[in-house]
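Here's a quick briefing to read alongside the model.

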Amino acid sequence: MADKEKPEKPQNVEILKDKVSAGDKNLVLARDVFPQELPVVPIRGRPLFPKMTVPMIIENENLRKMIIQTDEAHTKFIGLALIRDEGSNTQENISSKDLYNVGVVAEILQVAQVSPDMPAQMLLGSLERFKIKAIIQENPHIIAKVDYMHETEMTHNDELRAYAISVVKAIKELIQLNPLHKEELNLFASRSSLADPGRLADFAAALTTASGKQMQEILETISIRARLKKVLHLLQKEMDISKIQVQITKQIEEKLSKQQREFFLKEQLKAIKKELGLSKEGKESEVEKFTERLQNLKLTDEAQERVNEEIEKLKLIEPTSPEFNVSRTYVDWLTILPWGVFTADNYDIDKAAKILNRDHYGLADVKERILEFLSVGIMKGNISGSILCFVGPPGVGKTSLGQSIARSMGRNFYRFSVGGIRDEAEIKGHRRTYIGALPGKFIQTMKVCKSANPVIMLDEIDKIGASYQGDPASALLEVLDSEQNKDFLDHYLDVRFDLSNVFFICTANQLDTIPAPLLDRMEVIKLAGYILQEKMEIARRYLVPKQLKAHGVKREQVTITSEAIRDIIDGYAREPGVRGLENNIKKTIRKSVKKIVEKKVKKVRISKANIHDLLGKRIFTDESLYKQPTPGVVMGLAWTSMGGDTLFIEATKVLTGKSGFKQTGQLGDVMIESSEIAYTYVRALLSNDENARKFFAQNFIHLHVPAGATRKDGPSAGVTMATALYSLVKNKAIKKNFAMTGELSLTGLVMPIGGVKEKTIAAKRAKVVNLIFPTENKRDFDDLPAHVKKGLKPRFVSKFEQIVKICF
């Protein structure tokens with residue numbers, strides 16, 4: 001089989017002998033003697049004519065092997081035959097029956113193959129026509145026995161010359177219509193003579209765009225006269241086609257030139273407007289801008305439908321129409337919201353703990369609660385639907401805690417205050433029928449954050465209002481409900497937006513004014529405040545460096561001693577938070593900077609000795625209002641929205657000859673009732689005491705709670721009032737350095753109260769050591785941090801008689 005694949009050697013010597021005997025004196029090169037058996041390569045599209053050089057790519061593996069073997073032989077001839085029906089067979093299963101009988105023999109001029117697996121590239125020079133006589137081999141490639149179809153030279157025939165001149169004229173006309181053929185004609189003229197009519201006919205046929213079948217017909221025509229006639233017919237058809245093509249091209253160019261001119265003018269206009277700072281184009285650019293935005297968003301089906309409708313509507317409205325701006329603004333809001341855009345959550349509990357400890361000192365119990373909350377979110381892989389509420393006095397770090405949580409999670413943070421909001425539309429937006437309508441605060445927040453899962457802080461939620469315009473607190477019920485906010489409907493958008501991935505954090509000073517249904521939706525975390533030691537550490541770590549930087553001074557220029565900070569806290573900033581402390585530090589640094597600027601000193605050292613000069617008279621003194629215990633006066637512990645506090649309850653008598661009782665000090669209804677219960681209980685407790693009975697019968701008793709300008713309420717002062725009345729009746733002062741809290745029942749039971757931590761911290765700030773709490777609050781006291789309980793002596797009582805034994 002391998003021997004059959006190799007092309008035959010040149011024709012036998014007898015042919016050469018015949019030529020010599022016939023008187024042919026010309027020498028014949030071995031390469032010009034064609035073999036009688038040729039390997040045939042099927043070609044597609046158009047046949048190849050003799051005397052042409054063409055490149056070819058062979059992909060078939062068997063043909064590649066044959067080409068390489070032929071190229072290595074001393075005769076490098078192959079046959080090229082056109083496939084009859086290209087669509088019927090693939091390259092792999094073409095047989096000799098699929099080929100035309102007439103083809104051309106070609107010499108392999110060059111073969112290039114990068115690797116055995118890659119197609120072979122070769123350069124062929126076609127030489128002469130052949131006709132297949134018989135098929136010698138079908139596989140792995142076709143080998144055929146052929147006869148060569150030589151042309152007779154008829155260059156001196158006048159008729160053929162006339163035909164040739166007509167062909168040349170037709171070619172010239174064709175070149176005028178299609179200049180691309182000019183290079184081919186030049187190439188032909190450089191390699192051939194126009195006096196060769198057969199060569200001219202083949203070249204002219206190759207110039208046309210005729211079908212493969214028509215070209216094959218020219219190839220099979222041996223008669224030069226008949227071939228020239230057929231070629232002239234093809235050239236005439238080609239010229240007609242070229243004329244139509246020129247006409248079409250001209251129409252397209254005219255249209256394109258007009259469009260290009262408009263395009264260039266528009267681009268120039270844009271550039272001029274940009275240079276002059278003028279406003280950009282009209283609604284087309286707006287629509288284009290909105291369409292570009294939508295490519296990066298994942299809208300819900302409802303939102304996508306609405307946006308498409310509004311964009312189509314916008315295209316139909318004239319820019320001068322008043323409705324255009326309304327519609328444009330609405331589409332702008334719809335497309336600028338972060339539909340399906342999320343920031344990646346950072347579920348790293350260690351990182352969250354580091355951030356909380358770095359940003360805040362103390363508040364160990366609060367940090368633990370926050371980390372527990374984040375841990376649950378990490379475990380289930382989602383913190384959506386989370387709503388925290390930080391409750392505590394001002395300045396304890398509620399807002400900054402929210403910022404730290406956002407940083408630890410890697411989410412965007414946005415804070416806005418709902419305090420004083422009275423209009424429901426601030427939450428749920430205005431309807432578009434109103435002039436100047438806008439979406440509500442939450443949709444505006446989503447626009448600013450540019451993500452659908454930010455951390456949103458609602459500040460001062462306990463101060464939200466209500467009016468005839470609606471109840472914003474009720475509107476918040478939908479927002480802060482994880483079951484409802486996934487389909488939050490803003491009145492302006494009128495399209496549902498998913499808020500379920502938002503982490504909500506609310507802040508409040510007290511819980512009493514928050515509606516119960518709203519409070520029920522939140523996880524409450526209480527921040528009680530700081531004691532002196534914590535405040536000193538906060539000032540040293542955060543407040544002093546922050547204010548030095550804010551005032552533009554270096555640490556070596558202004559120094560504040562620890563004793564000075566302690567004195568500021570004790571004498572000027574005893575509130576639960578650190579805002580007052582920070583303001584006082586500002587004041588001291590500000591006065592120190594003034595001295596440096598006036599060049600009085602180069603450095604300022606703020607110590608306890610010069611605090612009075614910088615801040616003035618102390619607001620809080622170590623001296624109590626009552627240096628010594630006084631009958632009828634008892635210190636109580638109270639809880640306010642500003643944190644814990646100490647207060648004195650005073651009771652005095654007026655001899656009137658009849659009994660009576662009144663209370664003053666801006667007391668609320670609950671506190672008034674507590675005072676009346678205390679009066680009734682003490683009178684009943686001492687009913688067996690003759691002196692006490694006479695005291696109540698002949699004296700009018702007045703109970704007062706100092707700081708009369710401050711409104712007070714709550715039941716926790718019941719035992720303090722009863723102790724003050726008992727002390728007054730017995731004319732006996734309680735022991736020194738005592739404070740108490742607890743609700744009193746009419747039967748003398750001491751009921752539990754709230755705010756144990758705040759009240760304990762207040763007592764510690766006031767340097768009170770002995771504390772009295774209800775027995776049921778013992779667990780609350782035991783849960784307090786050790787540094788808060790240090791130095792305190794608590795007593796826990798369940799009946800008022802126990803207080804009498806302890807204090808008297």
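**Second largest pocket**

Sorted by class, the lining of the second largest pocket has eight nonpolar, ten polar and nine charged residues (Ala, Val, Leu, Ile, Met, Phe, Trp, Tyr, Cys and Pro count as nonpolar, Asp, Glu, Lys and Arg as charged, and the others, Gly among them, as polar). Keep in mind that this is a predicted model: local features need pLDDT of at least 70, side-chain atom pairs count only at pLDDT 80 or more, and totals for chains, interfaces and linings use all residues. Residues are numbered from 1 along each chain as its sequence is written, and side-chain values use heavy atoms, with hydrogens and water left out.

- The second largest pocket holds about 620 Å³ of space, a volume being the space filled by probe spheres set on grid points joined across faces, edges and corners.
- A pocket here is an open set of points on a 1 Å grid over the protein atoms alone, where a 1.4 Å probe fits, with protein on both sides within 12 Å along at least five of seven lines; lining residues have an atom within 4 Å of a point.
- Of its 27 lining residues, Gly395, Val396, Gly397, Ser400 and Val578 lie nearest the centre.
- Helices (H or I, at least four residues) and strands (E, at least two) are DSSP runs, numbered from the N terminus.

**Helix α16**

- In α16 (residues 441-449), Phe442, Ile443, Thr445, Met446 and Cys449 are buried (under 20% relative accessible area; exposed is over 50%, partly exposed in between, with a 1.4 Å probe and protein chains only).
- Those five sit on the same side of α16, because they cover an arc of only 155° around the axis, taken from the directions from the helix axis to the C-beta atoms.

**Cysteines**

- There are zero disulfides, meaning pairs of cysteine sulfur atoms within 2.5 Å.
- For Cys389, the closest cysteine sulfur is in Cys506, 5.5 Å away and too far for a bond.
- Cys389 is buried at 0% relative accessible area, and Cys449 counts as buried at 7%.

- The Asn139 to Pro140 peptide bond is cis, with omega near 0°; Pro140 lies in the loop between β5 (120-137) and β6 (142-148).
- Asn731 has a positive phi near 55° without being glycine. You'll find Asn731 in the loop between α25 (718-730) and β20 (738-740), exposed at 59% relative accessible area.
- Lys767, also not a glycine, has a positive phi of about 65°, in the loop between α26 (756-765) and β23 (770-774).
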